[in-house]
Each structure stands twice: as structure tokens, then as C-alpha cells.
Amino acid sequence: AVADTAVSGPLADPTLHVVGSGRNLRYQTFSASSAEAEATYAAGRVDIRRLDVTSDLGTAGATGSLQLIATGSSGGGNQLRAHVTNVDLDRILAAADVRLPLPLGSAASGEVDVTLDDQNPFAEDWWRHLSGAGSVELAPTGSGLNLEGRLNIGVKGDRWTVEHELRSRA
């Protein structure tokens, strides 16, 4: 793994910029993974310019911004945009030690956008300030239930919506 770090500004509130990458990373059952990231911390806020992870299970990435320390000024809320591509659901579930009676037989690809307007993402009722939407496409892999279709999710405070159109070729 390699990281380039630049620190600037006053010692009491420095700005930190990090660019890092790693190849052939391993964690539990995840092998042959790689990761690349670039982020900046300034004035109590982390801005994730890119976070990309690739493994034999699929590809995932994210960008976003999170206020870690209250500064009294509006930093534009907290937001996260994430995407996955060709993620093998059965292998992910197995890695999480979830056992199903029959494999799903699907690979997932999709995006989700989440915004937390409250300036304190660590507040007791943070989820009441959450809004977001996303969708996931399931493609059959030729095994198990061989699921295909689309799943749409949405959230606005206390209201959650889930829409789905799933089919099995089994």
C-alpha cells in the first residue's frame, strides 16, 4: 500500500490531503483486492473525492462529504454517492456468514445517493434528517434462483419506500 500525504495550514486546524492505493489486498475471504482513495480533511469536514475498491466479488466506489466536527458554519450538509458494479450477491452473503437455503444466483449493479442535512451526523436522531434514493439492477448468473430485475429504494426522514420487480428463471 502507498499513501501520499500533504499537511498545510495552522497547527490548531490543519488541512490534510491524502491519496492512497493498495494492490493485492486481503481481508478474511476477500482476496486479490485493490483500493484507491483520495480525500481531504479541512475545518472539521472530510471530502472524499474518490474511493474505489475492486475485487473478485465486484467493484464499489463512493464520493461524498461528511462534517465530523461542528464549526458553526454551514458546510453544505453531508452527502454520499456510492455505486456497485457486478457484485456477486451469493459470495458477499457467504463472506458475511449469511446462509440461504438456495443461492440467489445474481450479480448487482447500481447507485445510491444519500444526504444528511443536519450538520451533526452523530446526533441521536440523525436518521430523521436523512434523504436519499437508489436503484439496483440484478442480473442472473445462471445458478440458484437466477434472480433478475430491479430494486428501487428511497428515504425521506421517517418515510422509506421500496419498489421491486424481480423475476426468477429457476
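Asp90 is buried (under 20% relative accessible area, where exposed is over 50% and partly exposed lies in between, with a 1.4 Å probe and protein chains only), yet has no salt bridge, and the nearest side chain of opposite charge, that of Arg91, is 9.2 Å away. This is a predicted model in which local features need pLDDT of at least 70 and side-chain atom pairs count only at pLDDT 80 or more, while totals for chains, interfaces and linings use all residues. Residues are numbered from 1 along each chain as its sequence is written, and side-chain values use heavy atoms, with hydrogens and water left out.

**Around Asp90**

- A salt bridge here is a side-chain nitrogen of Lys or Arg within 4 Å of a carboxyl oxygen of Asp or Glu; for charge, Lys and Arg count as positive and Asp and Glu as negative, and His and the chain ends are not counted.
- Asp90 lies in helix 1 (residues 89-95), where helices (H or I, at least four residues) and strands (E, at least two) are DSSP runs numbered from the N terminus.
- The side chain of Asp90 reaches the backbone nitrogen of Leu104 at 2.7 Å.

- Strand 1 (residues 2-8) pairs with strand 2 (residues 15-27) in the antiparallel sense over 7 bridges, pairing being assigned if DSSP finds at least two bridges between two strands.
- Asp4 stands opposite Val19 in strand 2, and in the hairpin of strand 1 and strand 2, with 6 residues between the strands, Gly9 takes a positive phi near 90 degrees.
- Strand 2 is also joined to strand 3 (residues 30-42) by 9 bridges, and these two run antiparallel, with Leu16 standing opposite Tyr41 in strand 3.
- The hairpin of strand 2 and strand 3 has 2 residues between the strands, and Gln28 takes a positive phi near 45 degrees there.

**Strands 9 and 10**

- Strand 9 (residues 147-156) and strand 10 run antiparallel and are joined by 10 bridges, and Lys156 stands opposite Arg159 in strand 10.
- In their hairpin, which has 2 residues between the strands, Gly157 takes a positive phi near 65 degrees.

- Ile69 lies in the loop between strand 5 (58-67) and strand 6 (78-88), and Ile69 counts as partly exposed because its relative accessibility is 46%.

Key: A polar contact is a pair of N or O atoms within 3.5 Å; within protein, one must be able to donate a hydrogen and the other to accept it, and residues adjacent in sequence count only if both atoms are side-chain atoms.
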